[in-house]
Structure formats: structure tokens, C-alpha cells
Amino acid sequence: MKAFKSILGGLCLCAAMGGCVSASQQEIAEVKEVSKSDAVIATIMERRSIRQYKPQPVNRDTMQVILNCGINAPNGQNKQSWEVRVVDNPEFIKGVTALYTKGNPKAAEDPSFKNMFRNAPTVVFIANDPSYDFSQIDCGLLGGNMILSAQSMGIGSCCLGGPARFMSSPEAAEYLKQLNFSEGYELLYCIAFGYPDEAPAAKPRNAEKVKFVD
């Protein structure tokens, strides 16, 4: 940020002096580059896990941008050892939630409970190819790209493990089958997406777990 102010200040000074020295293309490029990095860092630091959503689903054009960001994540040997399914069909979400609450009736006791995906109207299911030993890492990187790109567009998200476990249970076999993952692929986790209906504060992070090795 200091670098940005310094460069911007220099450009303003030139303008104040009557344009005696025009801003170089390099200086303009540096301003843009610093501004871009600030925006990326802000997106990362402002992201929160959202667990309450407004009812309207994310439109598919926006979701396509998020998905494109996801599949452009780094991955081992370019194997792209993931498969992604997007569900915004309320009947699907309602149906599998009914099965979930049948076995977990306490979940529905919460008056704000609408569905098992933290009430999200759009859910992305991510499966991995276990024959590749780094496929789970690749799927994690894919999801990271997706939630950050969503954040940059005002879309909330939450990575979910419990619902994915239920989807892989015998009770939900019918719904897992509808996702139509390729043979051998296993549902790993899912991500809720939607317009946030809450603004949670950041939870503390333990910076002492990060160390430089000399």
C-alpha cells in the first residue's frame, strides 16, 4: 500500500506541476499492478464462511465464472483429477434434505433451518479420482479458487464435509447417483454458494504455526 501511495503521489505531483513530465507507461503499469495485488489480498482477507443465505440462487452465468476459476487451479501433472457437479434445483436440495432430517431430526429444530447445505440455494459437489494420490490436494486447490472468485463477486460460500458424508451414505444413494460422477470417482466434499444473509467476524488465526526456517 505504501508503494501504491508513493507512485500515485509522484503522478499527482507531475500533474500539479503542469504536466512538465508526463507519466511513463511503466509508472502507470506499476500503479495498476499494485492496485491489482491489493484487490487480491483484500479478497483473501475478507472472505468468511457463510452459513446463512438469501433464498435466490446464484445465476448460472456467475457460477460459470466461478467454475472456470476453479478448473484453472494448479493440479499435479495436469491430471485434473476432479469432477464437479452444480445443483441449484430446489427439488433436489429439498429431497435429500428430507432424508437427512429423517435420520437427524434435531437438525430441523433450528427455526432458521431450510436445508442441509447451510440453507444455500446453490451447491457444488466435488469428487476426486483416488487412483491419483494427490487428487485430494488438487480438489482442495480447485475449491480455493472457487470460493475466492465467488468472494470477489459478492457471493458467499462455505466448504462442507458433513453433507458430503451423508450424500455418500446408503440413505442418499439415489441422489448421489443423480450427480452422475464417473466410475471410480468419490465424492470428497461440497461447497455451498449464495448471497450472504449474515456478516460474520473473522475468527482468530494462530500465526505461531507459521515459521521461517533458516
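## Helix packing and sheet in a predicted model

In helix α3, Ile66, Leu67, Cys69, Gly70 and Ile71 meet Leu142, Asn145, Met146, Ser149 and Ala150 of helix α5. The residues of this contact divide into 7 nonpolar, 3 polar and no charged. The model is a predicted one. Two packed helices are described by the angle between their axes and the distance between the axes. Here, the axes of α3 (residues 60-71) and α5 (residues 135-152) come within 7 Å and cross at roughly 145°. The crossing of α3 past α5 is right-handed.

**Overall layout**

The chain contains 7 helices and 4 strands. Read from the N terminus, its elements follow the order α-α-α-β-α-β-α-β-α-α-β. Of its 214 residues, 35% count as buried. Contacts between residues at least 6 apart in sequence join residues at least 24 apart in 82% of cases.

**The sheet**

The 4 strands make up an open sheet with antiparallel pairing, in the order β1-β2-β4-β3. Strands β1 (82-87) and β3 are at the edges; each has a single partner strand, so one side of each is left without a neighbour in the sheet. On average, and with direction ignored, neighbouring strands of this sheet are turned by 20° against each other.

Strands of a sheet pair through backbone hydrogen bonds, either parallel or antiparallel.

| Strand pair | Sense | Bridges |
|---|---|---|
| β2 (residues 122-128) and β4 | antiparallel | 7 bridges |
| β3 (residues 156-160) and β4 | antiparallel | 5 bridges |

Thr122 has Phe193 in β4 as its bridge partner, and Ala127 stands opposite Leu187 in β4. Helix α5 packs on the sheet and touches β1, β2, β3 and β4, with its direction making about 5° with that of β4. Gly156 stands opposite Gly194, which also belongs to β4. Strand β4 (residues 186-194) is mostly covered, with 7 of its 9 residues buried. In a regular strand the side chains alternate between the two faces of the sheet.

Thr101 is located in helix α4 (residues 90-103). Its relative accessibility is 19%, and Thr101 therefore counts as buried, since the cut-off for that class is under 20%. A polar atom of the Thr101 side chain lies 3.1 Å from the backbone oxygen of Ala98. Leaving aside residues up to four places away in sequence, Thr101 touches Ala108 and Phe113.

Asp110 is found in the loop between α4 and β2. With a relative accessibility of 39%, Asp110 counts as partly exposed, because this value falls between 20% and 50%. The side chain of Asp110 makes a polar contact of 2.9 Å with the side chain of Ser112.

Definitions and conventions:
Residues are numbered from 1 along each chain as its sequence is written. This is a predicted model: local features need pLDDT of at least 70, side-chain atom pairs count only at pLDDT 80 or more; totals for chains, interfaces and linings use all residues. Side-chain values use heavy atoms; hydrogens and water are left out. Helices (H or I, at least four residues) and strands (E, at least two) are DSSP runs, numbered from the N terminus. Buried means under 20% relative accessible area, exposed over 50%, partly exposed in between (1.4 Å probe, protein chains only). A polar contact is a pair of N or O atoms within 3.5 Å; within protein, one must be able to donate a hydrogen and the other to accept it, and residues adjacent in sequence count only if both atoms are side-chain atoms. Contact means heavy atoms within 4.5 Å. Two strands pair if DSSP finds at least two bridges between them. Axes are lines fitted to C-alpha atoms, for helices over the stretch in contact, and angles run from 0 to 180 degrees between N-to-C directions. A crossing is left-handed if the near helix is turned anticlockwise from the far one by less than a right angle, and right-handed if clockwise. Ala, Val, Leu, Ile, Met, Phe, Trp, Tyr, Cys and Pro count as nonpolar, Asp, Glu, Lys and Arg as charged, and the others, Gly among them, as polar.
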